[in-house]
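I opened this entry to keep track of what I looked up. The notes are in the order I took them.

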Amino acid sequence: MTQYRNLEEYNLEITDEVKSRYSSIINEIGEDLNRDGLIKTPERAAKAMLFLTQGYKQDAVEILKGAMFKESYDEMVIIKDIEVYSLCEHHMLPFFGKAHIAYIPNGHIVGLSKIPRVVDVFARRLQVQERLTNDILECLNNTLKPQGVAVVIEASHMCMMMRGVQKQNSVTTTSGFRGQFEKIETRNEFLKLISSKLS
Ligand SMILES: [Zn+2]
């Protein structure tokens, strides 16, 4: 699927533009752009940045709709420990961790591999963990129209760990619940099922 292809088709104009900005940054911080190890760095950094933000060009709704199947199963479906790598929009430094997602089908199930892809579509943008949680929640809720959906994300933020307060081991947990998961029993069942993994 085109949405998920590793972004090999870098737009040349944009890559060149970003590359030249990285050259300026490397220069401004006092490095020597002509040093052996740095010669190709602006281009590599530009491609890395474009890869890490490719979510802007991807459509999570399309990904889900491409793999929805009629099915009468109506118990909780949980996908635990989905790796999350994103960039905080305040410092453009990584935050990363795990997402735990559950939904209760309402006539349709979705191919299980699509849920981690939806996570990637929203994670590969400039984000805050709170909005990332909500983007995933709303997308699943509006597209699958399930009886309920739950999203929990636990993540470590490099902007906290490497700078600022330098809290090396702090983990931020965010969560969102819709439908059946707004009921305390259902929510507790979900939290119990993922809790062995919560920090
Ligand atoms: Zn930050």
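**Ground rules.** I am working on a predicted model, where local features need pLDDT of at least 70, side-chain atom pairs count only at pLDDT 80 or more, and totals for chains, interfaces and linings use all residues. Residues are numbered from 1 along each chain as its sequence is written, and side-chain values use heavy atoms, with hydrogens and water left out.

**Whole chain.** I looked up the secondary structure first. Helices (H or I, at least four residues) and strands (E, at least two) are DSSP runs, numbered from the N terminus. The protein chain has seven helices and seven strands. Their order from the N terminus is α-α-α-β-β-β-β-α-β-α-β-α-β-α. Next I took the box along the principal axes: the C-alpha atoms fill roughly 60 × 40 × 20 Å.

Then I checked burial. I call a residue buried under 20% relative accessible area, exposed over 50%, and partly exposed in between (1.4 Å probe, protein chains only). Of the 199 residues in the protein chain, 41% are buried. The accessible surface, by the Shrake-Rupley method with a 1.4 Å probe, comes to about 11200 Å². Carbon and sulfur atoms hold 51% of that surface.

I counted contacts as heavy atoms within 4.5 Å. Among contacts with a separation of 6 or more, 71% join residues 24 or more positions apart.

Charges came next. Lys and Arg count as positive, Asp and Glu as negative; His and the chain ends are not counted. Each charge sits at NZ of Lys, CZ of Arg, CG of Asp or CD of Glu. The protein chain has 25 positive and 26 negative charges, and their mean positions are 2 Å apart.

**Helix α1.** I tested the length of α1, residues 12-28. The expected span is 1.5 Å times one less than the number of residues. For the 17 residues of α1 that gives 24 Å, and the end C-alpha atoms are 24 Å apart, which agrees. Which residues of α1 are buried? They are Thr 15, Ser 23 and Ile 26. These cover an arc of only 80° around the axis, so they are on the same side of α1. I took the arc from the directions from the helix axis to the C-beta atoms. The general rule I keep in mind is that an α-helix has 3.6 residues a turn, so residues three or four places apart point the same way. The buried residues of α1 pack against α2 (41-52). On the face turned away from them I found the exposed residues Glu 13, Arg 21 and Glu 28.

Val 18 is also in α1. I list Val 18 as partly exposed because its relative accessibility is 21%. Leaving out residues up to four places away in sequence, Val 18 touches Ala 46 and Leu 50.

**Helix α4.** I found α4 (residues 114-123) mostly covered, with nine of its 10 residues buried. Among them are Ile 115, Val 118, Val 121 and Phe 122, and also Lys 114, Arg 117 and Asp 120. What do the buried residues of α4 pack against? The list is α3 (60-65), β2, β3, β4 (108-110), β5 (126-127) and α5.

**Helix α7.** The 12 residues of α7 (residues 184-195) should span 16 Å; the end C-alpha atoms are 15 Å apart, which agrees. Buried here are Thr 186, Phe 190 and Ile 194. They fall within an arc of 60° seen down the axis, so they line one face of α7. Their cover includes β2, β3, β6 and β7 (172-179). Ile 184, Glu 185 and Lys 192 are exposed on the face turned away from the buried side.

Val 18 and Ile 194 are 176 residues apart in sequence, and their C-alpha atoms are 41 Å apart.

**Positive phi.** I looked for residues other than glycine with positive phi. Met 92 has a phi of about 55°. Met 92 lies in the loop between β2 (77-88) and β3 (94-104) and is partly exposed at 44% relative accessible area. Lys 145 has a phi of about 45°. Lys 145 is in the loop between α5 (129-144) and β6 (148-157) and is exposed, at 54%.

**One last pair.** Asn 134 is in helix α5 and is partly exposed, with a relative accessible area of 35%. Asn 134 and Val 151 are 17 residues apart along the chain, with their C-alpha atoms separated by 8.1 Å.
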